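The following exercises are to be worked through with the sequence and the structure at hand. Each task is followed by a solution in steps.

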Amino acid sequence: EWQPALKNVSSSWDVGIIDGLSGWTTSVDDVPADTISRRFRYDVALVSALKDLEEDIIEGLRQRELDDSICTSGFTVVVKESCDGMGDVSEKHGSGPAVPEKAVRFSFTIMSISIRVEGEDDGITIFQEQKPNSELSCRPLSLMFVDESNHETLTAILGPVIAERKAMTESRLILSVGGLLRSFRFFFRGTGYDEKMVREMEGLEASGSTYICTLCDSTRAEASQNMVLHSITRSHDENLERYEIWRTNPFSESADELRDRVKGVSAKPFMETQPTLDALHCDIGNATEFYKIFQDEIGEVYQKSNPSREERRRWRSTLDKQLRKKLKLKPVMRMNGNYARRLMTRETVEVVCELVPSEERREALQKLMDLYLQMKPVWRSTCPSRDCPDQLCQYSYNSQRFADLLSTTFKYRYDGKITNYLHKTLAHVPEIVERDGSIGAWAS
């Protein structure tokens with residue numbers, strides 16, 4: 001039972017898997033609406049997840065020596081939400097209904113359950129998900145046949161999910177756990193989105209925009225000049241305000257002035273996400289960047305002005321041959337997580353350095369990789385203060401040295417430009433870890 005009753009949510013209790021568009025009239029063209037998506041009702045899925053954790057909740061109360069019979073209210077449940085596109089899921093040879101080849105999955109994970117006890121200021125955590133990125137703790141809520149770039153269809157399907165989520169934050173769940181009725185409040189944190197999805201949901205321009213960051217208002221040029229000193233300023237509410245300014249243009253400014261005022265918010269923010277950094281794409285984006293630096297160093301670009309396409313192709317092929325011969329690392333069409341992990345090692349740098357003529361440049365490359373490997377565990381690990389406290393303490397110092405190297409020795413690549421993920425890696429990691437306790441647990 002929910003108190004007060006949920007608004008905008010069907011009252012039928014025998015709910016199984018429902019049509020993903022339920023809650024909206026059928027308004028999506030091109031595809032038969034009844035094939036396009038399937039989902040669970042959000043409140044029902046959460047109740048089911050809590051019932052699965054019933055033993056953990058009771059055990060948690062026991063371990064904290066809390067009297068089970070007194071603890072009936074004041075439970076707080078923190079939920080991580082994730083949503084991502086799933087690439088090619090086309091039927092290879094079937095004659096099912098015509099549906100788009102791509103799919104999107106929206107899922108959630110119960111991250112922690114805590115209880116407030118009278119006389120205590122802070123809540124006492126009675127359940128903490130130890131493996132927040134395991135498929136065992138990730139619960140799919142909705143699967144949809146839709147391309148994540150198709151904003152209209154995506155928002156039509158996620159609309160009811162968001163309406164349900166909003167209703168639940170304004171209500172309390174009364175649920176029988178361990179034979180007693182207990183009351184739960186829910187907090188939802190949308191951290192499991194990659195940058196593309198965040199920009200789409202929060203009304204920001206696409207990732208090639210001069211507004212490089214989903215966390216701060218920096219432009220690409222500013223971010224390459226000042227690589228480290230930025231703080232998180234963007235939020236969903238601010239994006240909504242900026243969209244209103246963009247829509248109404250109250251100061252009658254030119255398009256360029258207006259765009260500068262709203263810092264690249266030019267569509268209506270649809271869904272609140274928690275501004276963070278996606279750990280996997282951070283690895284991939286930075287590995288792509290190192291892969292290009294390796295090529296440039298093999299070709300000694302720091303001495304040349306404008307190398308031709310042919311030369312670049314030759315350096316790339318030299319690098320690929322060396323990586324294949326020495327590390328059995330086959331070239332890939334698009335950088336993926338596994339390739340990124342194998343590329344970003346000391347061993348790789350040593351192999352690449354065999355192709356770099358100057359001793360000084362070899363040392364700089366090795367230094368760059370060393371600093372990177374010091375920084376990486378901080379955004380990958382589930383609990384950096386426990387798993388890599390030293391690297392966490394030294395992060396700001398290491399990122400500053402890394403930035404100094406880029407803006408001096410590797411200036412040819414970073415004059416006025418820098419990639420989105422390199423900016424986030426250098427400027428925002430410590431602040432996010434301080435706020436959330438972890439990046440790897442929330443945003444993978």
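**Exercise 1: An aromatic pair**

F290 is buried, at 2% relative accessibility. The model in which this value was computed is a predicted one.

Task: Determine which class of aromatic pair F290 and Y372 form, and where the two residues lie.

Solution. 
Step 1. The structure holds 13 aromatic pairs. In the pair of F290 and Y372, the centres are 5.3 Å apart and the planes make an angle of 55°.
Step 2. Planes under 30 degrees apart would count as stacked and those over 60 as edge-to-face, so a pair between these limits is tilted. The pair of F290 and Y372 is accordingly tilted.
Step 3. F290 belongs to helix α9 (residues 279-298) and Y372 to helix α13 (residues 359-380); the two are 82 residues apart, and the pair links distant parts of the chain.
Step 4. Y372 is buried as well, with a relative accessible area of 1%.

**Exercise 2: A second tilted pair**

Task: State whether F410 and Y412 are buried or partly exposed, and describe their ring geometry.

Solution. 
Step 1. Buried means under 20% relative accessible area. F410, at 0%, is therefore buried, whereas Y412, at 23%, is partly exposed.
Step 2. The ring centres of F410 and Y412 are 6.5 Å apart and the planes stand at 55°, so this pair is tilted.

**Exercise 3: Salt bridges across the sequence**

Solution. 
Step 1. Side chains of opposite charge can pair when their charged atoms come close. A search of the whole structure finds 34 salt bridges.
Step 2. In the bridge between R182 and D68, the closest N and O atoms are 2.5 Å apart.
Step 3. R182 is buried at 0% relative accessibility, while D68 is partly exposed at 28%.
Step 4. R189 and D436 form a salt bridge of 2.8 Å, N to O.

**Exercise 4: A salt-bridge network**

Task: Locate R234 and D217, and name the residues of the network that contains them.

Solution. 
Step 1. The side chains of R234 and D217 meet in a salt bridge of 3.8 Å, N to O.
Step 2. R234 is in the loop between α6 (220-225) and α7 (236-248), and D217 is in the loop between α5 (195-201) and α6; the bridge therefore ties together parts that are 17 residues apart in sequence.
Step 3. Salt bridges with shared partners join D217, R234, E238 and R242 into one network.
Step 4. R234 is buried, with a relative accessible area of 4%.

**Exercise 5: A surface patch**

Task: Which residues make the nonpolar surface patch of about 300 Å², and where does V89 lie?

Solution. 
Step 1. The patch is made by M86, V89, L143 and F145.
Step 2. V89 is found in the loop between β4 (75-88) and β5 (102-115).
Step 3. With a relative accessible area of 31%, V89 is partly exposed.

Note on methods
Residues numbered from 1 in each chain as written. Predicted model: local features only at pLDDT ≥ 70, side-chain atom pairs only at ≥ 80, totals over all residues. Heavy atoms only, no water. Patch = residues over 30% accessible without salt bridge, like charges linked within 9 Å, V, L, I, M, F, W, Y side chains within 5 Å. Areas by Shrake-Rupley, 256 points an atom, 1.4 Å probe, with all protein chains shown as cover. Salt bridge = Lys/Arg side-chain N within 4 Å of Asp/Glu carboxyl O. Helix = DSSP H or I, 4+ residues; strand = E, 2+ residues; numbered from the N terminus. Buried < 20%, exposed > 50% of the residue type's maximum accessible area, 1.4 Å probe, protein only. Phe/Tyr/Trp six-rings, centres within 6.5 Å; stacked < 30°, edge-to-face > 60°.
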